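Please look over the sequence and the structure below before reading on, and keep them at hand while you follow the report.

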Amino acid sequence: MKAALLKSPGQLVITQVPTPEPPAAGLLVKVEACSICATDIKMFRYGQRDLIYPRILGHEVAGVVIETGTGNVPFRSEDRVQIAPGISCGKCPACQQGAPNQCDHIGILGFTHHGGFAQYLAVPAESVACGAVNLIPAGLSFMEATFAEPLACCLNGQERVRLDSKDAVLILGAGPIGCLHTMLARAKGARRILLAERSLKRIRMAAAAEPSRLVDVSKENLKEVVRKETEGRGVDVIMLACSESAIEYPILELLAPRGRVCFFSGLPSEKSQLHFDANFLHYHEITFVGAYGCTSDQNRMALELMASGQVNVNCLATKRIPLEAIHEGIDYLTEHRGMKVVVTEF
Ligand SMILES: [Zn+2]
Ligand SMILES: [Zn+2]
């Protein structure tokens, strides 16, 4: 079968690899759509903590079951499915505590196992067993279903930071993730949603996510805007949705008392040591939380949010490409020419 194989950082090739057999108690899926994520680009350029080479990347994937493995598999051929990338054991303390994305034995499609930038995807028995395979609700396209994974990661971040309707939230970074956070915060009824960005191209596109206020930080003073939009109080929640936002912005100065900050995006490793006034956290009862990945349940919830029309991701899918054009897709995203690229021809 045809696949985009990452051999080492910078070496992504379209090549022929053996078509996988359906794993025992697993599934063989014909990939219909797989989106390019910022993490794929990071892996392509620099590698990533959980990545093992050579690897077929792609963890935002949807397709059709064409064959089931031996044993009792609760899916049939022709089922339309979305596959959450996390493969968790269900037994370790993290899994038992409802945090399978922190599983001691975690595997991830597109990181430790082959992912969706190929004609076929072998879904292991462990994925089926941990509930990672979801039927795509009727009316939702394969393209939309690929957004379930990034939307589920946003759900995880907003659950971790306990975002609710009483909150004014500031989302830093208006890329696809910042836009999904905006849409999700709106679905949760957040009182005020500020979305800040400095790239003019992204600001233009992010209007489609309909924040309460889009802030152009290349022209506006973020601190002043936040003060004005929150009656001088500051925001309740800050969502760090681009890699250097924790360094670029005076995050503590933008927070209301009891403010919460979600480190949703990772920082470049050479810049990840931050300095802040711990007494400010003490006196103002500030909370910092991290968020990484998502659970199978959150993927299911994300599909439901889209199927019910509470989140409409179509405006974010700005480009569709064949698998052969994956390098062009990466360039298109790197240059901020659009929001999200979906591979729809294999
Ligand atoms: Zn991703
Ligand atoms: Zn586990």
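This is a predicted model: local features need pLDDT of at least 70, side-chain atom pairs count only at pLDDT 80 or more; totals for chains, interfaces and linings use all residues.

**The zinc site**

The zinc ion (ligand 1) is coordinated by the SG atom of Cys-37 and the NE2 atom of His-59, at 2.1 to 2.3 Å. These two residues lie 22 residues apart and bring together distant parts of the chain, since Cys-37 is in the loop between strand E3 (27–35) and helix H1 (38–46), while His-59 is in the loop between strand E4 (55–56) and strand E5 (61–68). Cys-37 has a relative accessible area of 13% and is therefore buried, because buried means under 20%. His-59 is also counted as buried, with a relative accessibility of 3%.

**Two pairs of helices**

Helix H5 (residues 148–160) and helix H11 (residues 296–307) have axes that come within 8 Å and cross at roughly 110°, so H5 and H11 are roughly perpendicular to each other. On the side of H5 the contact is made by Ala-148, Glu-149, Leu-151, Ala-152, Leu-155, Asn-156 and Glu-159, and on the side of H11 by Gln-298, Asn-299, Met-301, Ala-302, Leu-303, Leu-305 and Met-306. Sorted by class, the residues in this contact of H5 with H11 are nine nonpolar, three polar and two charged.

**Helix H6 and its residues**

Helix H6 (residues 176–187) has twelve residues, which at 1.5 Å a residue should span 16 Å, and this agrees with its end C-alpha atoms, which are 16 Å apart. H6 is mostly covered, as nine of its twelve residues are buried, among them Pro-176, Gly-178, Cys-179 and Leu-180. Just after H6, Gly-189 takes a positive phi of about 80°.

His-181 is found in H6 and has a relative accessibility of 0%, so it counts as buried. Leaving out residues up to four places away in sequence, His-181 touches Cys-154, Gln-158, Ile-171, Met-239, Ala-241 and Phe-264.

**A proline in a loop**

Pro-211 lies in the loop between helix H7 (200–206) and strand E13 (213–216), and at 15% relative accessibility it counts as buried. Setting aside its neighbours within four places in sequence, Pro-211 is in contact with Thr-182, Ile-193, Leu-195 and Ala-206; of these, Thr-182 is one of the buried residues of H6.

The table sets out two C-alpha separations.

| Residue pair | Distance along the chain | C-alpha separation |
|---|---|---|
| Pro-211 and Leu-172 | 39 residues | 12 Å |
| Ala-187 and Pro-137 | 50 residues | 19 Å |

How values were computed: Residues are numbered from 1 along each chain as its sequence is written. Chains are lettered from A and ligands numbered from 1 in the order in which they are written. Side-chain values use heavy atoms; hydrogens and water are left out. Helices (H or I, at least four residues) and strands (E, at least two) are DSSP runs, numbered from the N terminus. Buried means under 20% relative accessible area, exposed over 50%, partly exposed in between (1.4 Å probe, protein chains only). Contact means heavy atoms within 4.5 Å. Donors are N, O and S atoms within 2.8 Å of the metal (3.2 Å for Na, K and Ca); water is not among the atoms, so sites may look incomplete. Axes are lines fitted to C-alpha atoms, for helices over the stretch in contact, and angles run from 0 to 180 degrees between N-to-C directions. Angles under 35 degrees count as roughly parallel, over 145 as roughly antiparallel, 65 to 115 as roughly perpendicular and the rest as oblique. Ala, Val, Leu, Ile, Met, Phe, Trp, Tyr, Cys and Pro count as nonpolar, Asp, Glu, Lys and Arg as charged, and the others, Gly among them, as polar. The expected span of a helix is 1.5 Å times one less than its number of residues.
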